[in-house]
Amino acid sequence: MIEKDKCIDALRMMLNSRFFEEKTEELFKAGLIHGTTHLANGQEAAQAGLCMALDDGDWIVPTHRCHGFTICKGSWPVAMFAEMFGSRQGLAKGLGGSMHMPDKENCNLGSSAVVGSGVPLATGIAFYQKFQSTGSAAFATSTAQNPKDLAPVPVKNISVAIFGDGASSRGSVHESMNLASIWKLPMLFYCENNRYGMSAPSDKMISVDQISSRAAAYSMPGEVVDGNDFEAVYNQVLKACEYIRSGKGPYLLEVMTYRFKGHSKSDRRLYRTSEEEQQWLQRDPILLFEHKMIESGYATEKEIAAIEEECRKGIDLQAQTALKESGDKLTEAEVLDLVYASEKERP
Ligand SMILES: Cc1ncc(C[n+]2csc(CCOP(=O)(O)OP(=O)(O)O)c2C)c(N)n1
């Protein structure tokens, strides 16, 4: 078992993510937030396990189901609620909403609604990271050199492309894997397989049994990990990061998990049975982790209940603060200023 302090941090991350999703659902139902949202209840270990294993300066590019990753990478929930209320204090100044929560300070590029579109962006970040460490020599521009034969050059920071099982079949993902492999880019392809792409079950829609096996086509390691087990994810990401930082190139990790809620807020989940859902609820990543913490003597039931209470109150308070300020929106002129460069800045 990993150290106690780390476990407590991990539990807080997962609880904050879960309570954030619960509060978001409540606010949508009350008609206080508009548009749509994609909740990630049940996927907390996959999200916290990744972010805890990363170093400062490592970048992530999440998907539309981004709240948990954003919290675990260090963003303040109040700024995320503000984003969904459309106010100027939001991570994208209230112009993006639930699916667009970039946070430069925390090395999070943010996501977009276009499935798979973040993966080439993460590839671009990895290119920059390698270029910064090695200069152009590492890219073998001379026709006499084969980029695949270049010696590994260690890099400090890496880039993580997060994508779902549905996105894994998109051309942009495959093109990115090919380029990242040829140039040995410092990149983790992090496939969060929650078993469905909207209503489409991954075992019916994907040409292979495990998405990780596709790594072989791009000459990179590919592994599968139990995404509901925080420790398993954390240790596997550390292992992948060590390989990537040594300069050997990209790595594909397929993280098996399950989304407890529907695809988005209007999904009645007619494509799956309640028995299946019940089975997965038994493997709730937070309950499994709390159980492990109690078993290892890291916390008592009472202490865990106190952490839960504290996290829930913290999220409630941050939602209330954001709600109070929700009328403070950018003016039309401010929005236009952000969209168009001023006359002086134009070439
Ligand atoms: C290019 C593109 N095609 C289709 C959609 C519609 N769409 C939104 S989410 C989604 C499913 C994505 O599934 P997955 O990648 O597994 O992520 P998950 O929603 O399960 O987290 C689809 C098809 C879209 N937004 N963009």
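**View 1. Pairing of strands β6 and β7 in the predicted model.** In this predicted model, strand β6, which spans residues 222–226, runs parallel to strand β7, made up of residues 251–256, and the two are joined by 5 bridges. Within this pair, Glu223 has Leu253 of β7 standing opposite.

**View 2. Pairing of strands β3 and β7.** Strand β7 is also joined to strand β3, residues 187–193, by 6 bridges, and these two strands again run parallel.

**View 3. The open sheet as a whole.** The pairs shown above belong to an open sheet of 5 strands, arranged in the order β1-β2-β3-β7-β6 with parallel pairing. The edges are held by β1 (59–61) and β6, each of which has a single partner strand, so that one side of each is left without a neighbour in the sheet. From one strand to the next, the twist averages 20 degrees. Strands of a sheet pair through backbone hydrogen bonds, in either a parallel or an antiparallel manner.

**View 4. Surroundings of the ligand.** The shell around the ligand holds 16 residues, of which Val115, Gly164, Gly166, Ala167 and Gly197 come nearest. By residue class, this shell divides into 6 nonpolar, 8 polar and 2 charged residues.

View 5. Helix α1, residues 4–29, packs with helix α2, residues 44–53, at an angle of about 135 degrees, and their axes are 9 Å apart. At this angle α1 and α2 are therefore oblique to each other, and their crossing is right-handed. Helix α1 also packs with helix α11, residues 301–324, in this case at an angle of about 45 degrees and with the axes 9 Å apart. This angle makes α1 oblique to α11, and α1 passes α11 in a right-handed crossing.

**View 6. Helix α4 against helix α11.** Helix α11 packs with helix α4, residues 77–85, at an angle of about 40 degrees, their axes lying 8 Å apart. Angles under 35 degrees count as roughly parallel, and α4 and α11, at about 40 degrees, are therefore oblique to each other. The crossing in which α4 passes α11 is right-handed.

Technical notes: Residues numbered from 1 in each chain as written. Predicted model: local features only at pLDDT ≥ 70, side-chain atom pairs only at ≥ 80, totals over all residues. Pairing = 2+ DSSP bridges. Helix = DSSP H or I, 4+ residues; strand = E, 2+ residues; numbered from the N terminus. Near = placed C-beta within 6 Å. Nonpolar A, V, L, I, M, F, W, Y, C, P; charged D, E, K, R; others polar. Axes fitted to C-alpha atoms, helices over the stretch in contact; angles between N-to-C directions. Parallel < 35°, antiparallel > 145°, perpendicular 65-115°, else oblique. Left-handed = near helix turned anticlockwise from the far one by under 90°.
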